[in-house]
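Please read it alongside the sequence and the coordinates shown here.

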Amino acid sequence: MTSRRPDSFEGLGYRGREDPSFSGGYSGRSFNNSSSSDLQHWVTTPPDIPGSRNLHFGDGTPQFETAPAPPGAADEAQSAAPPSEQLNRFAGFGIGLASLFTENVLAHPCIVFRRQCQVNYHARCYHLSPLTAISVMYNVTKTQGPKALWKGMGSTFVVQGVTLGTEGIISECTPLPRELSHKWNPKQVVGHLVLKGLTYVVAMPFYSASLIETVQSEIIRDNPGILDCVKEGIGRVIGMGVPHSKRLLPLWNLVFPTVLHGILHYVISSSVQRLVLYLLRRRNNGSPKHSSPDSQTDAVQSMLDSYFPELMASFAASLCADVLLFPLETVLHRLHIQGTRTIIDNTDLGFEVLPINTQYEGMRDCINAIRREEGTMGFYKGFGSIVVQYSLHASVLQITKMIYSMLLRNT
């Protein structure tokens, strides 16, 4: 019996069929007697299919025959090429992370001091200027240590997590829309705002517990854990846990100011964000384009234009909402803190502690008492800290933009 293997096996060229070119007999080969060089005559690998993935490690798969590039053309193409997609993703992630870190971590001391000023009803210094706010913040840090202005930061993340989780659960269990499409109607807007209101109601006791942790003086704090905010919030709902005085307002009295502040803050910030984003994109689209010699500069600018408008719009939205709702926030924090036996730092000098002993009957009584006893500017106690907070945020955004511009140009 003769072998049917051809002398040269070229993969797809032979499938064991009768072919006139292979009609002759072939001498048999034995694996024991043949050397490795003999095996190479008929043991071959499948051919590389054009257009498919590279089947052999280290070998390319050209689809078309192209003429060799002239010397120096590769260097010119590399220099004129825009930044890589991987670098763009890294830049977007880094820019967003820097903004998130500034908004939630670096700005926390300003939030702590602002809330302490808002609930300090007998303070003589209102700290409307950022200079006085920085001075007292330095005194508090010098007296009680660096942790004095970073307290309660973990509880703020817990409140954000509870808010996001509650919003997601309610939107999944009800027909209330979590996001608004471009073609929205009044019914969808009302349902979306109702969803936001229900979310603020659920997160309200945890927000109250987080507020207490933020304004409580470091001298008498017992280093609470992160989940203590959840425990105290649940205890506030069922009426158990930390002892409170008789001046503590029931939660149903806090529902209206809490929901009002939350919805107004959301509406103002969303409206300003969309307006600023529209104006920035319109300005970028209307700006003249450069010619090919400045293609590298155009690539860097296009990358910055794709990330920074959203950050700037978010920054402007938060700033406008916080400034416009600062008086309402002062009233809200005083109602939440009343009757909780909280002792705060003396915001006049920063060297002493003071108890909170207010006796407001509700939102209207609190507004009238502040206007009567502290004047109109009493609603803006601690406003200098908000100037410091957003000045720091703007500086970090600008520095981040400069760093990534230099990085992309060098790359």
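In this predicted model, Phe-326, Tyr-380 and Phe-383 are linked into a cluster by ring pairs. A search that covers the whole structure finds four aromatic pairs, and two of them, Phe-315 with Tyr-390 and Phe-326 with Phe-383, are set out in the table below.

| Aromatic pair | Centre to centre | Angle between planes | Geometry |
|---|---|---|---|
| Phe-315 and Tyr-390 | 5.7 Å | 65 degrees | edge-to-face |
| Phe-326 and Phe-383 | 5.5 Å | 75 degrees | edge-to-face |

Phe-315 belongs to helix H10 (residues 295-324) and Tyr-390 to helix H13 (residues 383-410), so that this pair ties together parts of the chain that are 75 residues apart in sequence. Phe-315 and Tyr-390 are both buried.

The rings of Phe-326 and Phe-383 count as edge-to-face because their planes stand at 75 degrees, and an angle over 60 degrees is what that class requires. Phe-326 lies in helix H11 (residues 326-337) and Phe-383 in helix H13, so the pair ties together parts that are 57 residues apart in sequence. Phe-326 and Phe-383, too, are both buried.

Is Val-190 buried or exposed? With a relative accessible area of 51%, Val-190 is exposed, because the term applies to values over 50%.

Definitions and conventions. Residues are numbered from 1 along each chain as its sequence is written. This is a predicted model: local features need pLDDT of at least 70, side-chain atom pairs count only at pLDDT 80 or more; totals for chains, interfaces and linings use all residues. Side-chain values use heavy atoms; hydrogens and water are left out. Buried means under 20% relative accessible area, exposed over 50%, partly exposed in between (1.4 Å probe, protein chains only). Rings of Phe, Tyr and Trp (its six-membered ring) pair if their centres lie within 6.5 Å; planes under 30 degrees apart count as stacked, over 60 as edge-to-face and the rest as tilted. Helices (H or I, at least four residues) and strands (E, at least two) are DSSP runs, numbered from the N terminus.
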